[in-house]
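Hi,

Here is the model I promised to pass on. Have a look at it first, and then read my notes below.

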Amino acid sequence: MKWFNTLSHNRWLEQETDRILDFGKNAAVPTGFGWLGNNGQVRSDMGTHLWITARMLHVYAVAANMGRPGAYALVEHGINALNGPLRDKQHGGWYACVNDEGVIDASKQGYQHFFVLLGAASAVTTGHPQARKLLDDAIEVIERYFWSEQEQMCLESWDEAFSKTEDYRGGNANMHAVEAFLIVYDVIHDRKWLDRALRIASVIIHDVARKGEYRVNEHFDTDWNPIRDYNIDNPAHRFRAYGGTPGHWIEWGRLMLHLRAALEARFETPPEWLLEDAKGLFHATIRDAWAPDGADGFVYSVGWDGKPIVRERVRWPIVEAMGTAYALYTVTGEAQYEAWYQKWWDYCIKYLMDYENGSWWQELDTNNEVTTKVWDGKQDIYHLLHCLVIPRLPLAPGLAPAVAAGLLDSQAK
C-alpha cells in the first residue's frame, strides 16, 4: 500500500493542515501568541511564552508561503510581538514570558531563543520587510550569548542581564539549535551554520547516544559529561525529563537527515554516521517506547534500562516519528518506514485528532484517554506541521525555504 508522494494522500494532509492552521489563529493576543487550551481558546492565566510566539511565527510563515490568506498578517503579528512586548530593549534578547501587565519571566532561555532564530529565518522567506532585521538581531544574540566558541556547543540559559549563565548544558536546547541553524543556513547560505549543526549532532548523538544504545542523554555538566540522574525526583518535567525522552531521539533522526541532505545539496559527501545514527535512533525509539505496556502509543520517558518511567502518551513524539519515518523512507526507499508511518497515522486518527474542539489532544493516559499529567492544553501547532507538511517536501532545503521555493508536493505522482 503506497501513501508517500501520492496526490491522494497529500490532498488529505492538505485538508488536515488547513484545519490545524484555522485552529492556531485563535492564539493571537496583543503580546504575541498565547497558550491555547483544550477548547481552542487562549488561557490568559498562562501568559505569553516566547517559545510559543516564535514557533507560531514559524508556522504562519510556512502557511503564508503556502498561499493561505490571513497567514501573512499573523507573520507580521509575530514579528511585532518579538520586536515589542517580548523584547528586552535594555539588556538584549527576549523575555521568556510576559502578559498584558508586563514581564513574568525575565530569564533568557536558549531553548526559546533558538525558536526566535527559527521563526525569524522562516519569516525572511515570506519577504516581510522587517524579517531580515529580526533575523540579524537574533543571530547577534545567539553569537554573543548562546554559541560557545570554546565548547563549540550551545549554552543553556542566562539571567535577565546576561551576567550569569547556568551550570548545565541541555540536549533539548542544542537539538532545537540544530533545527534553527539548518534554516538559517538555507536563508543566508553561510556554511558555518551547517558546521555547527554537525558538531552538535556529533557530540550528543554520535559520541554519547550511540554508545548508550541510542538512548539520548539530554543533561550534561559544563564539560559535557552526562548527568544521568538529573531530575530523578521530577521525572515528568516538560522540558527536562529524567532519563530518556524517546520523542527527541526520533526527532533527532529527522534533523540529521536534513543535515545530510543539506551537505549533499552542496555536492559534499556527508559522514556515513548521519544515516546510520538516524536509523539507530528510529529503531531505538520503537524498541523502548512504542507500546511497551501493551497499549499502542509512545511513552513519554524511559530509564537507562529502556523501561518506561512516565507512561503518558504525549502528542509531539508520534508527530515527530511520522516525519522521521518519511525522511528515512526518502533516503532508503525501505518499505518498513512507510508501514510505520501508516500505523502511526491510524493511531492518531483514532486517539489524538479532536474533531469536536479542534486540533489534536496533547496527552493521553495508558488507556489512550485524555489526561493532563505532563501537558494541559493544546499549546501550539508547531509539531503538527512536521507530520503534515514535511512528508510533501524534499529533505533540503528546510521547511519554510522549501515551501517558499515552490517545492511543496513536488514529488507527488
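What follows is a walk through what turned up, region by region.

First, the ground rules. This is a predicted model, in which local features need pLDDT of at least 70 and side-chain atom pairs count only at pLDDT 80 or more, while totals for chains, interfaces and linings use all residues. Residues are numbered from 1 along each chain as its sequence is written, and side-chain values use heavy atoms, with hydrogens and water left out.

On confidence (pLDDT is the predictor's confidence in each residue, from 0 to 100): the protein has a mean of 97, and 100% of its residues reach 70 or more. Among the elements, helix α4 (residues 110–124) has the highest mean pLDDT, 99, and strand β12 (residues 313–314) the lowest, 95. Helices here are DSSP runs of H or I with at least four residues, strands are E runs of at least two, and both are numbered from the N terminus.

**Around R215**

R215 sits in the loop between α7 (192–208) and β11 (219–220). With a relative accessible area of 9%, R215 is buried (buried means under 20% relative accessible area, exposed over 50%, partly exposed in between, with a 1.4 Å probe and protein chains only). Its side chain makes a polar contact with the side chain of D288, at 2.6 Å. A polar contact is a pair of N or O atoms within 3.5 Å; within protein, one must be able to donate a hydrogen and the other to accept it, and residues adjacent in sequence count only if both atoms are side-chain atoms. The backbone oxygen of W304 also lies 3.3 Å from a polar atom of the R215 side chain.

Leaving out residues up to four places away in sequence, R215 touches A209, W249, R287, D288, G303, W304, D305 and G306 (contact means heavy atoms within 4.5 Å). G306 belongs to the loop between α9 (273–289) and β12, and is buried at a relative accessible area of 9%. G306 and P246 are 60 residues apart in sequence, yet their C-alpha atoms are 9.8 Å apart in space.

Helix α8 (residues 246–265) has 20 residues and spans 29 Å from first C-alpha to last, close to the 28 Å expected at 1.5 Å a residue; the expected span is 1.5 Å times one less than the number of residues. Because 18 of its 20 residues are buried, α8 is largely enclosed by the rest of the structure. Just after α8, F267 takes a positive phi of about 60°.

As for the sheet, three strands form an open one in the order β3-β4-β5, with antiparallel pairing. Its edge strands are β3 (48–49) and β5 (102–105), each pairing on one side only. Strands pair if DSSP finds at least two bridges between them; three bridges join β4 (residues 97–99) to β5. V98 stands opposite V103 in β5.

**Aromatic pairs**

The whole structure holds 34 aromatic pairs. Rings of Phe, Tyr and Trp (its six-membered ring) pair if their centres lie within 6.5 Å; planes under 30 degrees apart count as stacked, over 60 as edge-to-face and the rest as tilted.

One of the pairs is F4 with Y326, edge-to-face at 5.2 Å centre to centre and 70° between the planes. F4 lies in the segment before α1 (7–24) and Y326 in helix α10 (residues 315–332), so this pair ties together parts 322 residues apart in sequence. F4 is buried at 0% relative accessibility, and Y326 is buried with a relative accessible area of 0%.

Another edge-to-face pair is F114 with F146, at 6.1 Å and 65°. Here F114 is in helix α4 and F146 in helix α5 (residues 131–146), so the parts tied together are 32 residues apart in sequence. Ring pairs link F114, Y145, F146, W147, W158, F162, F181 and W193 into a cluster.

Most residues other than glycine have a negative phi, and most peptide bonds are trans. Y214 is not a glycine but has a positive phi of about 65°; it lies in the loop between α7 and β11 and is buried at 14% relative accessibility. D409, also not a glycine, has a positive phi of about 65°. D409 is in the segment after α13 and is partly exposed at 27% relative accessibility. Finally, the peptide bond from A396 to P397 is cis, with omega near 0°, and P397 is in the loop between α12 (382–388) and α13 (399–404).

Cheers
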